[in-house]
Amino acid sequence: LEKLPPTELLPLETFVDRSMGGAIPLPATLARLYGTLRFRAADRRPYVFANFAETIDGVVELGPPGPAGGAQVTGSDRHDRMIMGMLRALADAIVVGAGTLRSVPHHRWSPARVFPTLSEEFRSLRDRLGKPGEPLQVIVTGTGNLPVTLPVFRSREAPSMVVTTEQGANRLRSAGLPESVTLRAVSSGSRVMAETVLAAVRDQTHGDRVLVEGGPNLLADFVGESLVDELFLTLAPQIAGREEGHRRPGLVEGRQFGPEDPRWATLLSAKGNDRLLFLRYAFVPRSPRNGKPVA
Ligand SMILES: NC(=O)c1ccc[n+]([C@@H]2O[C@H](COP(=O)([O-])OP(=O)(O)OC[C@H]3O[C@@H](n4cnc5c(N)ncnc54)[C@H](OP(=O)(O)O)[C@@H]3O)[C@@H](O)[C@H]2O)c1
């Protein structure tokens with residue numbers, strides 16, 4: 001599907017756009033398809049935005065036992081892929097948890113991977129933003145229990161970094177993680193704080209935009225630490241349901257919020273094609289000191 005020329009895609013319809021800030025200099029085709037994309041100036045650096053797709057009833061993964069991956073959720077929607085590629089192209093780093101990597105072990109987190117025929121547009125967007133090369137691919141794991149032969153580690157297509165615990169780093173080192181992959185042990189426990197993931201990313205890239213692509217457990221930590229500035233959420237028009245004994249994850253897993261300590265967002269924009277809704281939310285900034293919303 002992604003091999004079809006993007007000229008066959010219609011522009012997204014914009015229902016609401018309350019986004020503010022400077023317009024991103026999108027190249028012509030992306031501007032035609034998406035419209036204007038604005039980002040407000042960040043109160044803190046880096047600016048963190050997440051991108052997920054879910055069904056009407058909030059399911060982000062339908063398999064296994066059936067096939068896994070985002071294509072099952074969105075029906076391989078091309079606008080969704082265009083937005084995913086565009087958000088990747090804006091990012092200095094793309095962060096994913098080990099569970100997401102395990103679910104798509106051959107994937108590489110580059111803009112062109114999700115929409116090859118737009119690769120020139122993504123490249124030109126990065127050039128305009130002064131971001132050389134590909135975004136850093138960042139894998140977060142506690143255990144370090146990952147095959148070191150995966151393309152994300154072996155292919156030199158884009159730089160990679162693993163942020164993990166001391167135990168995870170030892171395991172990956174002994175398994176022969178290629179030296180081209182930056183390995184950062186940032187915790188002596190079994191998990192790492194989202195804040196330390198961002199610090200490691202900042203050290204490595206000196207960049208100001210980080211895209212979190214999941215999965216639900218990693219997102220829970222970023223949301224829990226109030227580190228997500230924005231969520232780009234694709235709502236696919238299907239109901240997945242859940243049965244006992246067949247766990248279907250929602251957007252956030254492993255932590256819950258509200259009614260105490262809620263995580264409210266405001267709607268920044270709503271766009272759509274003939275099937276899907278593309279929603280964009282901004283989270284209410286919270287104080288890192290006491291976790292309370294700040295005006
Ligand atoms: N629809 C969508 O937009 C979307 C997006 C992304 C993912 N998904 C789906 O989500 C499913 C995976 O769910 P998931 O919740 O397991 O994904 P995940 O959050 O990517 O992976 C969880 C694993 O990542 C590591 N991890 C996450 N946070 C960590 C932390 N703070 N410290 C240390 N390690 C951390 C741990 O790895 P270790 O076990 O190695 O310690 C943990 O077991 C997949 O099926 C995928 O297809 C859907």
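## A loop with a cis peptide bond

Let's start at Gly-215, which lies in the loop between strand 9 (209-212) and helix 10 (216-224). Helices (H or I, at least four residues) and strands (E, at least two) are DSSP runs, numbered from the N terminus. The peptide bond leading from Gly-214 into Gly-215 is cis, and its omega is near 5 degrees.

This is a predicted model, in which local features need pLDDT of at least 70 and side-chain atom pairs count only at pLDDT 80 or more, while totals for chains, interfaces and linings use all residues. Residues are numbered from 1 along each chain as its sequence is written, and side-chain values use heavy atoms, with hydrogens and water left out.

## Other loops worth a visit

A cis peptide bond also joins Gly-63 and Pro-64, with omega about -20 degrees. Pro-64 sits in the loop between strand 4 and helix 2 (70-74).

Two loop residues have a positive phi although they are not glycine. Ser-76, with phi near 55 degrees, is found in the loop between helix 2 and helix 3. Asp-261, with phi near 50 degrees, belongs to the loop between strand 10 and strand 11 (265-272). Ser-76 is partly exposed, at a relative accessible area of 22%, and Asp-261 is partly exposed too, at 43%. Here buried means under 20% relative accessible area, exposed over 50%, and partly exposed in between (1.4 Å probe, protein chains only).

## The nonpolar cores

In soluble globular proteins, nonpolar side chains tend to be buried together. A nonpolar core is a set of buried Ala, Val, Leu, Ile, Met, Phe, Trp, Tyr and Cys residues joined through side-chain atoms within 4.5 Å. The largest one in this model has 47 residues, and those with the most contacts inside it are Tyr-34, Leu-37, Phe-49, Met-82 and Phe-153. Among the elements that give two or more residues to this core are helix 1 (28-34), strand 4 (47-55), helix 3 (78-90) and helix 6 (119-128). Helix 3 supplies the largest share, 6 residues. A second, separate core has 31 residues, including Val-138, Ala-194, Ala-270 and Phe-283.

## Met-82 and Leu-12

Contact means heavy atoms within 4.5 Å. Setting aside neighbours within four places in sequence, Met-82 is in contact with Leu-12, Leu-30, Leu-33, Tyr-34, Phe-115, Leu-118 and Phe-122.

Leu-12 lies in the segment before strand 1 (13-17). Is Leu-12 buried or exposed? Leu-12 is buried, with a relative accessible area of 8%. Leaving aside neighbours within four places in sequence, its contacts include Tyr-34, His-79, Met-82 and Lys-271. Leu-12 and Lys-271 are 259 residues apart along the chain, yet their C-alpha atoms are separated by 6.2 Å.

## Helix 3 beside helix 6

Helix 3 and helix 6 pack at an angle of about 30 degrees, with their axes 9 Å apart. Because of that angle, helix 3 is roughly parallel to helix 6. Axes are lines fitted to C-alpha atoms, for helices over the stretch in contact, and angles run from 0 to 180 degrees between N-to-C directions. Angles under 35 degrees count as roughly parallel, over 145 as roughly antiparallel, 65 to 115 as roughly perpendicular and the rest as oblique.

From helix 3, the contact uses Met-82, Gly-85, Met-86, Arg-88, Ala-89 and Leu-90, and from helix 6 it uses Phe-122, Leu-125 and Arg-126.
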